[in-house]
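I opened a new notebook page for this chain. My plan is to write down what I look up, one entry at a time.

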Amino acid sequence: MTVGTAAVHETRKGGRTTALILATAGFAVNFWAWALLSPLSSTYKEMLRLTPFEASVLVAIPVIVGPLGRIVLGALTDRYGGRLMFAVASMLGVVPVVFLAFAGSYPALLAGGFVLGLIYQATGSYAIGLMLLAAVAAAAFVYCWFVLRSPRIARLTQEEGI
């Protein structure tokens with residue numbers, strides 16, 4: 001193996017690890033943001049004097065509208081790729097989280113929960129996040145299982161610079 005091939009091999013190896021760590025961290029943060037309303041519902045219930053039905057609707061809104069966003073954002077993910085859409089959805093998702101921090105009325109909380117469900121449940125938490133994690137983990141598994149365990153495949157990939 002030449003020095004250049006070794007450097008490429010190490011860079012790709014490090015890139016997979018970095019991608020796996022970033023995808024996992026992004027997935028965790030997005031899931032946390034999507035699940036934000038559930039633990040805060042009792043606080044909002046006391047603060048806004050909501051009925052039990054209103055509090056349960058507040059918690060259910062992000063869950064109910066998520067599949068609507070999955071249709072559109074899933075198609076965009078197929079077209080533009082998981083990395084780009086994951087980053088875009090994560091950045092766009094900051095808006096409803098900040099909005100919910102300053103929302104002071106029940107309709108505002110419902111609107112924020114609606115947008116939160118469309119963005120985070122549809123993309124970061126499930127559709128894109130899991131696809132991205134699965135792709136990174138599958139690539140790492142295949143590489144470790146087949147390439148590292150088979151001397152012939154390892155030699156061939158080193159010769160090709162893979």
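**Entry 1: two helices in contact.** I started with a pair of neighbours in a model that is predicted. The axes of helix H3 (residues 52-80) and helix H4 (residues 82-92) come within 7 Å and cross at roughly 135°. An angle over 145 degrees would count as roughly antiparallel, and 65 to 115 as roughly perpendicular. H3 and H4 are therefore oblique to each other. I then listed who makes the contact: Leu73, Leu76, Thr77 and Tyr80 on the H3 side, and Gly82, Leu84 and Met85 on the H4 side. Sorted by class, the contact of H3 with H4 has five nonpolar residues, two polar ones and no charged ones.

**Entry 2: the whole chain.** I stepped back to the overall layout. The protein chain has eight helices and zero strands. Along the sequence I wrote its pattern down as α-α-α-α-α-α-α-α. Of the 162 residues in the protein chain, 34% are buried. I also looked up the contacts with a separation of 6 or more: 75% of them are between residues 24 or more positions apart.

**Entry 3: the faces of H4.** Which residues of H4 are buried? I found Gly82, Met85, Phe86, Ala89 and Ser90. Seen down the axis of H4, these buried residues fall within an arc of 130°, so they line one face of the helix. Arg83 and Met91, on the other side of H4, are exposed.

**Entry 4: Ser90.** Leaving out residues up to four places away in sequence, Ser90 touches Asn30 and Tyr120.

**Entry 5: the core.** I looked for the largest nonpolar core and found 15 residues in it. Those with the most contacts inside this core are Tyr44, Leu58, Val97, Leu109 and Tyr120. Helix H1 (3-34), helix H2 (37-48), helix H5 (94-102) and H6 are the elements that give two or more residues to the core. Which element gives the largest share? H6 does, with five residues. I noted a general point beside this: in soluble globular proteins, nonpolar side chains tend to be buried together.

**Entry 6: Leu109.** Leu109 touches Tyr44, Leu48, Leu58, Leu100 and Ala103, when residues up to four places away in sequence are not counted. Tyr44 and Leu58 are also on the list of residues with the most contacts inside the core.

**Entry 7: Leu110.** Leu110 lies in helix H6. Is Leu110 buried or partly exposed? At 22% relative accessibility, Leu110 counts as partly exposed. Leaving out residues up to four places away in sequence, Leu110 touches Val57, Leu58 and Ile61. Leu110 and Leu100 are 10 residues apart in sequence, and their C-alpha atoms are 9.2 Å apart in space.

**Entry 8: Gly112.** My last stop was Gly112, in helix H6 (residues 106-124). Gly112 counts as buried, because its relative accessibility is 3%. Which residues does Gly112 touch, not counting residues up to four places away in sequence? I wrote down Pro96, Phe99 and Leu100. Gly112 and Pro96 are 16 residues apart along the chain, with their C-alpha atoms separated by 5.3 Å.

Notes. Residues numbered from 1 in each chain as written. Predicted model: local features only at pLDDT ≥ 70, side-chain atom pairs only at ≥ 80, totals over all residues. Heavy atoms only, no water. Helix = DSSP H or I, 4+ residues; strand = E, 2+ residues; numbered from the N terminus. Buried < 20%, exposed > 50% of the residue type's maximum accessible area, 1.4 Å probe, protein only. Contact = heavy atoms within 4.5 Å. Axes fitted to C-alpha atoms, helices over the stretch in contact; angles between N-to-C directions. Parallel < 35°, antiparallel > 145°, perpendicular 65-115°, else oblique. Nonpolar A, V, L, I, M, F, W, Y, C, P; charged D, E, K, R; others polar. Core = buried A, V, L, I, M, F, W, Y, C linked by side-chain atoms within 4.5 Å. Arc of directions from axis to C-beta.
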